[in-house]
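Student: Please take a close look at one part of this model, the pairing of its secondary structure elements. I would like the residue detail and the cut-offs behind each term.

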Amino acid sequence: MYAVIKTGGKQYKVAAGEKIKVEQIAAEVGQEIVIEQVLAVGNGADLKVGTPLVAGASVKATVVAHGKHDKVRIFKMRRRKHYQKRQGHRQTFTELEISAVNG
């Protein structure tokens with residue numbers, strides 16, 4: 001059984017036992033969270049698609065860790081204008097382990 005969930009402005013296809021990295025969630029490591037924004041639930045050939053959410057569906061997950069992704073380097077330049085700008089960014093994430101898909 002799998003589900004398509006929405007968190008942090010992005011959509012993820014998840015199944016029980018998987019680990020995913022999502023945008024940072026305000027939760028402690030080891031805490032169990034419930035994601036209510038389920039867009040679709042599938043089981044083999046059977047698929048329930050919500051309008052926009054599937055009624056009564058939820059996904060249970062446990063927070064495994066918090067961290068930062070690799071650095072993304074930003075470089076801006078205007079030729080012949082003596083303008084160069086260097087910048088870096090490391091996006092924070094929360095790693096979740098999906099324990100159950102209810103739907």
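Tutor: From the N terminus on, the elements run β-β-β-β-β-β-β-β-β-β. The model is predicted, so local features need pLDDT of at least 70 and side-chain atom pairs count only at pLDDT 80 or more, while totals for chains, interfaces and linings use all residues. Residues are numbered from 1 along each chain as its sequence is written, and side-chain values use heavy atoms, with hydrogens and water left out.

Strands of a sheet pair through backbone hydrogen bonds, parallel or antiparallel. Here two strands are taken to pair if DSSP finds at least two bridges between them.

T62 stands opposite E97 in β10.

S58 lies in strand β7. At 11% relative accessibility, S58 counts as buried, a class that means under 20% relative accessible area, with exposed over 50% and partly exposed in between (1.4 Å probe, protein chains only). Leaving out residues up to four places away in sequence, S58 touches V34, I35, E36, V38, A100, V101 and N102; a contact means heavy atoms within 4.5 Å.

Another open sheet, also of four strands, has the order β2-β1-β5-β6 and antiparallel pairing. Its edge strands are β2 and β6 (46-49), each pairing on one side only. Neighbouring strands of this sheet are turned by 15° against each other on average, direction ignored. Four bridges join β5 (residues 38-43) to β6, and this pair runs antiparallel. N43 stands opposite D46 in β6.

On the β2 side of this sheet, Y12 is a residue to look at, as a member of strand β2. Y12 is buried, with a relative accessible area of 17%. Its contacts, not counting residues up to four places away in sequence, are A3, V4, I5, T7, I20, K21, V22 and E23. Between Y12 and M1 there are 11 residues of sequence separation and 14 Å of space, C-alpha to C-alpha.

K10 counts as partly exposed because its relative accessibility is 38%. E23 counts as partly exposed as well, at 22%.

Strands β8 (residues 72-78) and β9 (residues 83-89) also run antiparallel, joined by seven bridges. K76 has K85 in β9 as its bridge partner. The two strands form a hairpin with four residues between them, and R80 in the turn has a positive phi of about 65°.

The overall dimensions complete the picture. Along its principal axes the C-alpha trace spans about 60 × 30 × 20 Å. The radius of gyration is 18 Å, whereas a compact globule of 103 residues would have one near 13 Å; the radius is taken over C-alpha atoms, and the globule rule is 2.2 Å times the number of residues to the power 0.38. Buried residues make up 29% of the 103 residues. Among contacts between residues at least 6 apart in sequence, 62% join residues at least 24 apart. The protein exposes about 7,100 Å², of which carbon and sulfur atoms supply 48%; accessible areas come from the Shrake-Rupley method with a 1.4 Å probe, and for residues only the protein chains shown count as cover.

Note on methods: Axes are lines fitted to C-alpha atoms, for helices over the stretch in contact, and angles run from 0 to 180 degrees between N-to-C directions.
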